[in-house]
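Hello,

Here is the structure I promised to send over. Please open it and keep it beside this email while you read.

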Amino acid sequence: MPQAATDDVRTLAKIDGWRADLITPPQVFSALEVAYDLEAAQRMWQENVPPGLSAREGDPTRFGVYGDLADVDFGVQAVALWSGGQSGSCSGWLSQVRLAEASHVVVTEDFDSGIGNACSTDRNVYRTVVVVERDQLPSESSLESAHATDDDPEYPAEVFLAAYPAS
């Protein structure tokens, strides 16, 4: 029985830093690069997930491997590389991707707010390999004309959106 689609993402791996060749437009501080097929997803994994990362469970607050590409159903899911930033004292991760309109993707990050909900203001970049339901993404053929923002209702920040690997 197929599972109901959700806008929640499933993290497969969290890695320190952004990939070396990622370039975003000026004033864009996060990126979502999508692999719609197994071949592109395997290349994404090989190029971004270093061997020897620890196996992890739960919320992706620490660097490590949380899942496996073998569990992805490319008929209804895609794999994406999220490049974002987190506080040095409060871990962050991509928690939701939703298609707000046919060509507008909205992303949500969650944060481990730490002790007393106090997070430092430094920015530490990281990347995660995540599984996203295809119905929460533009089609592969329309991805180039789509755009993405974060979920801030007053001042949504632009998110670089592209097929993997973006150049």
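Which residues does L161 touch, not counting those up to four places away in sequence? The model is predicted, by the way. L161 touches L32, V34, V105, P138, L143, A146, H147 and A148.

Now the wider setting. L161 belongs to the largest nonpolar core, which has 20 residues. Seven of them touch the most other members: L32, V34, L94, V97, V107, L137 and L161.

Next, the overall fold. The protein has nine strands and one helix. Read from the N terminus, the order is β-β-α-β-β-β-β-β-β-β. Take the contacts with a separation of 6 or more: 76% of them join residues 24 or more positions apart.

Then size. The radius of gyration is 15 Å, which agrees with the value near 15 Å for a compact globule of 167 residues. Along the principal axes, the C-alpha atoms fill a box of roughly 40 × 40 × 35 Å. Buried residues make up 43% of the 167.

Last, the surface and the charges. The accessible surface is about 9000 Å², and 49% of it belongs to carbon and sulfur atoms. There are 27 negative and 10 positive side chains. The centres of these two sets lie 6 Å apart.

Best wishes

Terms used. Residues numbered from 1 in each chain as written. Predicted model: local features only at pLDDT ≥ 70, side-chain atom pairs only at ≥ 80, totals over all residues. Heavy atoms only, no water. Helix = DSSP H or I, 4+ residues; strand = E, 2+ residues; numbered from the N terminus. Rg over C-alpha atoms; globule rule 2.2 N^0.38 Å. Buried < 20%, exposed > 50% of the residue type's maximum accessible area, 1.4 Å probe, protein only. Contact = heavy atoms within 4.5 Å. Areas by Shrake-Rupley, 256 points an atom, 1.4 Å probe, with all protein chains shown as cover. Lys, Arg positive; Asp, Glu negative; His and termini not counted. Charge placed at Lys NZ, Arg CZ, Asp CG, Glu CD. Core = buried A, V, L, I, M, F, W, Y, C linked by side-chain atoms within 4.5 Å.
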